[in-house]
Amino acid sequence: MSEFLKVAQAAKDAAQLLAPLPRGPKDRALRAIADALVARTAEIVAANAEDVAKAREAGTSEAMIDRLRLDAARVEKIAGAVREVADLPDPVGEVVRGSTLPNGLELRQLRVPLGVIGIIYEGRPNVTVDAAALCLKSGNAVLLRGSSSAYASNTVLVRVMQEALAETEVPAGAVQLVPGLTRDSVKELMRARGLVDVLIPRGGASLINSVVEESTVPVIETGVGTCHVYVDADADQDMALSILINAKAQRPSVCNAAETFLVHADIADEFVPKALAALKNAGVTVHGDPAIAAYSPDVVPATEDDFYAEYLSLDIAAAVVGSLDEAVAHIRRYGSAHTDAIITRSQPAARRFTALVDSAAVAVNASTRFTDGGEFGFGAEIGISTQKLHSRGPMGLPELTSTKWIYTGDGHIRT
């Protein structure tokens, strides 16, 4: 049996023991993990320093190194996030719906764990702990496959969590690190149908596409965000400027940042110069269509690829559209079904936009940056799903469950 199959089988065995546990043991286990992370901060930071040193030797950018780096303050923050998950309601056992049928059978649909969840992710070692905590709280075992650049960090983090769990009622095998540094281990995880119930890739488009195309395990797509802000003819232009700058520049490296803005032709002469000035002041480079480029020599002529781009940087594509329906057509062609916003004072325009735009989240007079589990009041998220099955949008604890039907009779037989 390969090393991968050993940890996958251990996770499956642990999942069967974890699933029926009530909230109390799971919450105590999560708090034990948080305490262990803090107590073993020096060990975690030392392992992380190895990863950082190797990343520097490999010429990794400082931005990526910053995402990789852990220090005492960051470990404390990770531990705090685990405690926050412990405080969240437990979705397992929740009655989704129920009734008494005309024949007297009592019928209930309950939330139950998915089983074994595989997470494939890049860069940040904090995801190792965040994902494990969310999976444990929702009664799932987890197989973690982070990037090779964080392997030393992830190895120690998983060991700390397993040793903390060993002192609790939650089986230590419920948290597993997929062994190996090569793509072979990723392939094994993607082909482990029967041992792994669902895969969730977190990262860039190439990672997500690779998992979707190659996996035989069901996949929930997360993350890629080509998000739009459409400024309607009837927009409050001051509001539109504020939202546009926030959506693009408040944190440009995340999936819910705006990557394209569209302006109705009726207000372009008034709004576009103000928008270009505000974006320039925020350090944003605008890649515009000919109508946008005509307003300023600072605009970079946009290519077709610019409108598909998830920049994750201080860049934004821009175009003038002749109508709301043209804006919707643009979004449907170039968007990633993540988050798209309309700025308008017209209720009919807002209703039409929200009805026609087929994205996981649609905002009216608000920044795209609000598409986030924490902002939605979920407390935490495993990612943002841009597909339609089995969940869509920010995935909190309930989205890490399935359901089962239980019906109870009194000697009922079917005739």
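Contact here means heavy atoms within 4.5 Å. The model is predicted, so local features need pLDDT of at least 70 and side-chain atom pairs count only at pLDDT 80 or more, while totals for chains, interfaces and linings use all residues. Residues are numbered from 1 along each chain as its sequence is written, and side-chain values use heavy atoms, with hydrogens and water left out.

**Overall fold**

The protein chain contains 15 helices and 16 strands; these are DSSP runs numbered from the N terminus, with helices (H or I) of at least four residues and strands (E) of at least two. Along the principal axes, the C-alpha trace spans about 70 × 70 × 35 Å.

The domain assignment, which is automatic or from a database, gives domain 1 as 3-222 + 391-408 and domain 2 as 227-370. Their centres, taken over C-alpha atoms, are separated by 35 Å. Of the contacts between residues at least 6 apart in sequence, 72% join residues at least 24 apart.

**Surface and charge**

Of the 415 residues, 50% count as buried. Buried means under 20% relative accessible area, exposed means over 50%, and partly exposed lies in between (1.4 Å probe, protein chains only). The chain exposes about 18,200 Å², and carbon and sulfur atoms supply 52% of this area; the areas come from the Shrake-Rupley method with a 1.4 Å probe, and for residues only the protein chains shown count as cover.

There are 40 positive and 52 negative side chains, and the centres of the two sets lie 5 Å apart. Lys and Arg count as positive and Asp and Glu as negative, without His and the chain ends; each charge is placed at NZ of Lys, CZ of Arg, CG of Asp or CD of Glu.

**The loops on either side of S14**

Gly383 lies in the loop between strand S13 (361-364) and S14. At 5% relative accessibility, Gly383 counts as buried. Gly383 touches Thr222, Gly393, Pro394 and Met395, leaving out residues up to four places away in sequence. Gly383 and Gly393 are ten residues apart in sequence, and their C-alpha atoms are 8.2 Å apart in space.

Ser391 sits in the loop between strand S14 (384-385) and strand S15 (393-394). Its relative accessibility is 6%, so Ser391 counts as buried. Apart from neighbours within four places in sequence, Ser391 is in contact with Ile220, Ser385 and Glu399. His390 belongs to the loop between S14 and S15 as well, and a cis peptide bond with omega of about 0° joins Leu389 and His390.

**Backbone exceptions**

Most residues other than glycine have a negative phi, and most peptide bonds are trans. Leu312 has a positive phi of about 55° although it is not a glycine; Leu312 is in the loop between helix H13 (304-308) and strand S11 (315-321). Asn365, also not a glycine, has a positive phi near 55° and lies in the loop between S13 and S14.

The table gives the accessibility of the residues discussed.

| Residue | Relative accessibility | Class |
|---|---|---|
| Gly383 | 5% | buried |
| Ser391 | 6% | buried |
| Asn365 | 28% | partly exposed |
| Leu312 | 34% | partly exposed |
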